[in-house]
Amino acid sequence: MTTPKTAFGQTIHHVELADWLATATARHAEGFVMFDWLGVEDAGRPGAVGQRHAVFLHVIDPRTREGMMLRTEIGEADALPSVAHLWKGAGWHEREAGEMFGVTVGEPGHLLLPESFQGHPLRKDFVLAARVVRPWPGRLEPGEDNTSAPSRRRTAPPGVPDPSWGPRREEEPQS
């Protein structure tokens, strides 16, 4: 059973994980035969409750040009049933969701990353090692540019690990 909600001109049908495949199959039979995209919203998103990823499927009825979005939530231990047999283009998106977010869906395998790569780089909890060995090139923190008062709490840009993580780059001595 789906629960439709409309926001910003887009109706999203919220589907329970157990009903995902049956709902997708029914929508395909209704004429939504054109695949647009399948994507994942990380569980670490602002305002998230628990550790559940949101999975979105957007398909189109070519006769009416009407788009329809399905949304479900999937936990760490859950597997998402594949819809690649309904929309062939979904297979690539499912493999990307598995590789980049760690979502168990469809055929496992690497698309973009080498076989030796460990982790899921689009998750918010993934530490970007390059940010450990190189200084952040972005804007300075408040107070560091001598134009404003120092901040009470220093914040790190996304992907920058806390100071306890791994070795740090040696600072060059000032002359």
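This is a predicted model: local features need pLDDT of at least 70, side-chain atom pairs count only at pLDDT 80 or more; totals for chains, interfaces and linings use all residues.
Residues are numbered from 1 along each chain as its sequence is written, and side-chain values use heavy atoms, with hydrogens and water left out.

Q: What makes up the secondary structure of the chain?
A: The chain has 3 helices and 7 strands. Helices (H or I, at least four residues) and strands (E, at least two) are DSSP runs, numbered from the N terminus. Along the sequence they follow the pattern β-β-α-β-β-β-β-α-β-α.

Q: How do you know that R65 is exposed?
A: Buried means under 20% relative accessible area, exposed over 50%, and partly exposed in between (1.4 Å probe, protein chains only). R65 has 76% relative accessibility, so it counts as exposed.

Q: What is to be noted about the phi of R65?
A: Most residues other than glycine have a negative phi. The phi of R65 is near 60°, a positive value in a residue other than glycine. R65 lies in the loop between β4 and β5.

Q: Why is strand β4 called mostly covered?
A: Of the 10 residues in β4 (residues 52–61), 9 are buried. For the chain, 31% of the 175 residues count as buried.

Q: How do you know that β4 pairs with β3 and with β5?
A: Two strands pair if DSSP finds at least two bridges between them. β3 (residues 34–41) and β4 have 7 bridges, in the antiparallel sense, with W37 opposite H58. β4 and β5 (residues 66–75) are joined by 10 bridges and run antiparallel, with H53 opposite I74. Both counts meet the rule, so both are pairs. β4 and β5 form a hairpin with 4 residues between them.

Q: What makes a group of residues a nonpolar core, and how many residues has the largest?
A: A nonpolar core is a set of buried Ala, Val, Leu, Ile, Met, Phe, Trp, Tyr and Cys residues joined through side-chain atoms within 4.5 Å. The largest has 25 residues, and W20, L57, V83 and W87 have the most contacts inside it. α1 (20–29), β3, β4, β5 and α2 (90–101) each supply at least two residues of this core. The largest share, 4 residues, comes from α2.

Q: Which residues are in contact with W87, leaving aside its neighbours within four places in sequence?
A: Contact means heavy atoms within 4.5 Å. By that rule W87 is in contact with A24, H28, F32, V33, M34, F35, L57 and V59.

Q: How do you know that the span of α2 agrees with its number of residues?
A: The expected span of a helix is 1.5 Å times one less than its number of residues. For the 12 residues of α2 this gives 16 Å, and the end C-alpha atoms are 16 Å apart, so the two agree. The buried residues of α2 pack against β3, β4 and β7 (104–105). After α2 comes G102, whose phi is positive, near 80°.

Q: What makes a space a cavity, and how many of 30 Å³ or more are there?
A: On a 1 Å grid over the protein atoms alone, a cavity is a set of points where a 1.4 Å probe fits but cannot get out. Grid points are joined across faces, edges and corners, and a volume is the space filled by probe spheres set on the points. The count comes to 1 cavity of 30 Å³ or more. About 50 Å³ of space lies in the largest cavity. Lining residues have an atom within 4 Å of a point; among them are H53, I74, F101 and G102.

How values were computed
On a 1 Å grid over the protein atoms alone, a cavity is a set of points where a 1.4 Å probe fits but cannot get out, and a pocket is an open set with protein on both sides within 12 Å along at least five of seven lines; lining residues have an atom within 4 Å of a point.
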